[in-house]
Amino acid sequence: MFRADGFNVSLDWSRACFSQDGQYIAAGSHDGTVFVWEVATGKVRSKKEHSSVVVSCCWHPLGQLFASAERSKRNMDALSAQILQRLRLRAQRETRGYKEFIVAYGYLESQLEQSRKTISWLEYEKEKPKKDTENGSEVENTVLRAKLEELKTMQQELNEAIKKKAEYADKVCTQADALKKMEEELGMLQTRCKELETLNTSLQEKLTTAEETIIVISKTSEAIMGEHQSLQALYNSQQAKLKAMERDLTQLTQQLLAYKMKEAEQLNTDTTVSKRVLQLKRLKELEESISKKVPAGGVVSDNSGAAPSFHDDGVIYPATPFDTFEAHDVEVSALCFSPDGNYMATGGGDKMVKVWNVKQDLRTVDSRCTLSGSHGSIMSLQFDQSSGVVLASSQDNTARIWGLQDQRTKHTLSGHSNKVMAAKFLEDNYKVVTGSHDSTLKLWDLQRGMNPKTFLAISRCNDVIAGRGMGSTIISGHLDQKVRLWDTRSGSVNEEIMLEGKITSLDHLPERQLLLVCCRDNTIRLIDLRTKSVVDTFTADGFNVSLDWSRACFSPEGKYIAAGSYDGTVFVWEVATHKVRSKKEHSSVVASCCWHPSGYLFASAERAKKVSLWSR
């Protein structure tokens, strides 16, 4: 591991490198200093030659040149001059060794020339002794021999000089080749310097652009952080307010539940008082009737309490209303007959359910009781199979069940988040299904009192069908123009039937497995539940369905279909022939209509408070 005082790597891309022989390691620091470590000993040397961060450094492949680069802008010409100066110094160092050879070579050349002159003179002197010998001079011969010996010695020296000359010439050639290579490398380095200069200019431009971008991003980030802090503070304050509101809501909910409990107790008390008053009134009437004179024969005949006979196969075709009366203080939105035919129930915008006694002659009705407790308009009504309780759905997001004997609220089915448009008993009368505009259906177990089973329907529900002949199936009609068939065991949709208008009501004919569907496209369709397909469509001139909860119905044996229109007209179709008859007896929209179980009585309700009873 190599460290040094002052050595600081300040960039994520700072480059360090080995020398070519691996003996040294070099790296740049943040203050422009270049550090070089000796690998074997760990000794470090440093030199500050740059004015800013040293980004990168590297050795030349020959190991004689080292380069380093910094981040700040520098004059590339100065860098080139520096490189050239270093190359010249390198050339001087490398040529210093063979300059001596060049000088020696010149010296040898001069000595060779001198030797040649000496040889020429000696050759001349060599010829001279021959002449002198002929004259018999012994002394001169001795001198001549000495000269010859000297000549041989000089010849040997000359041969050695020639040999050294050849060696020096070879070295000069080698050094000349090396110098030529160095010049070529210098040219390449100069070309590389120009390329690096161009690259440096480009990188400097990119660096400037990047720095400007960083400044913009920093400012944007600061603004976003400020906004985030403001939003966080606002969120914290809103969160605190929400918690406070939730605490207030919990307290208000508890207070509301306590108030509703008190209200229910008060209603039950009022119902008990009303029942007692009614009993006293009847007792007084009975005493008055006893005080009257008994007719001849001693028997008073009164069949008003007997149940009507349903054995006659005739079913009335509503032709003329024989009685029209104001059933509620405001609009009437729902009505139905009990399965035994003894009662008729009506519900309206006054949040009341009124129960009427149906006389045996099927031409007279009188008030039996008023069931209160709802906090919204009544949207649908149904009696159970025993005719002992009434089920009503309401716009206060609940459904309620009242007992006719004590006129008390037996169950309040709350859990929907929007108005409940329909509520029906299942076949065993211990379960209830409700459909709401919160796009759910809920299945309630009245015996166990368990939390309801919720079916997600996606679209707002306007009506539901359950009960006789349905088994575990529930049918619902929705504003998305679909009829959905549900399996109560799995809670899933078994079938969806797409129609061409919003669905306002459903009715079921169990004996023939037919489903009656009233739609906002001013048509009534018959669906065969066995094939899940539309088998017939009914419409008429002037027939206009103007309410999302307009109710159409079958006659008891399925021979006729009836529905009300927006202008107060009641339309009746004969299913087999499609013949249609209409009668305008109402002054406003007809919201609902239904047949008495016997088929001999027909009732229709309008939004302007009134209910009409029809005969043939």
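Trainee: Which residue in strand 29 is the bridge partner of Cys 553?

Mentor: Ala 562 is the bridge partner of Cys 553. This is a predicted model, where local features need pLDDT of at least 70, side-chain atom pairs count only at pLDDT 80 or more, and totals for chains, interfaces and linings use all residues. Residues are numbered from 1 along each chain as its sequence is written, and side-chain values use heavy atoms, with hydrogens and water left out.

Trainee: In what sense do strand 28 and strand 29 pair?

Mentor: Antiparallel, over two bridges. Strands are DSSP runs of E with at least two residues, numbered from the N terminus, and two of them pair if DSSP finds at least two bridges between them.

Trainee: How many bridges join strand 29 to strand 30?

Mentor: Five, and these strands also run antiparallel. They form a hairpin with four residues between them, and Gly 568 in the turn has a positive phi of about 95°.

Trainee: Why is strand 29 largely enclosed?

Mentor: Because five of its five residues, 560-564, are buried, meaning under 20% relative accessible area with a 1.4 Å probe, protein chains only.

Trainee: Switching to Asp 350. Where does Asp 350 lie?

Mentor: In the loop between strand 9 and strand 10. Asp 350 is buried but has no salt bridge, which would take a side-chain nitrogen of Lys or Arg within 4 Å of a carboxyl oxygen of Asp or Glu.

Trainee: What is the nearest side chain of opposite charge?

Mentor: Lys 354, 4.8 Å away. Lys and Arg count as positive, Asp and Glu as negative; His and the chain ends are not counted.

Notes. Buried means under 20% relative accessible area, exposed over 50%, partly exposed in between (1.4 Å probe, protein chains only).
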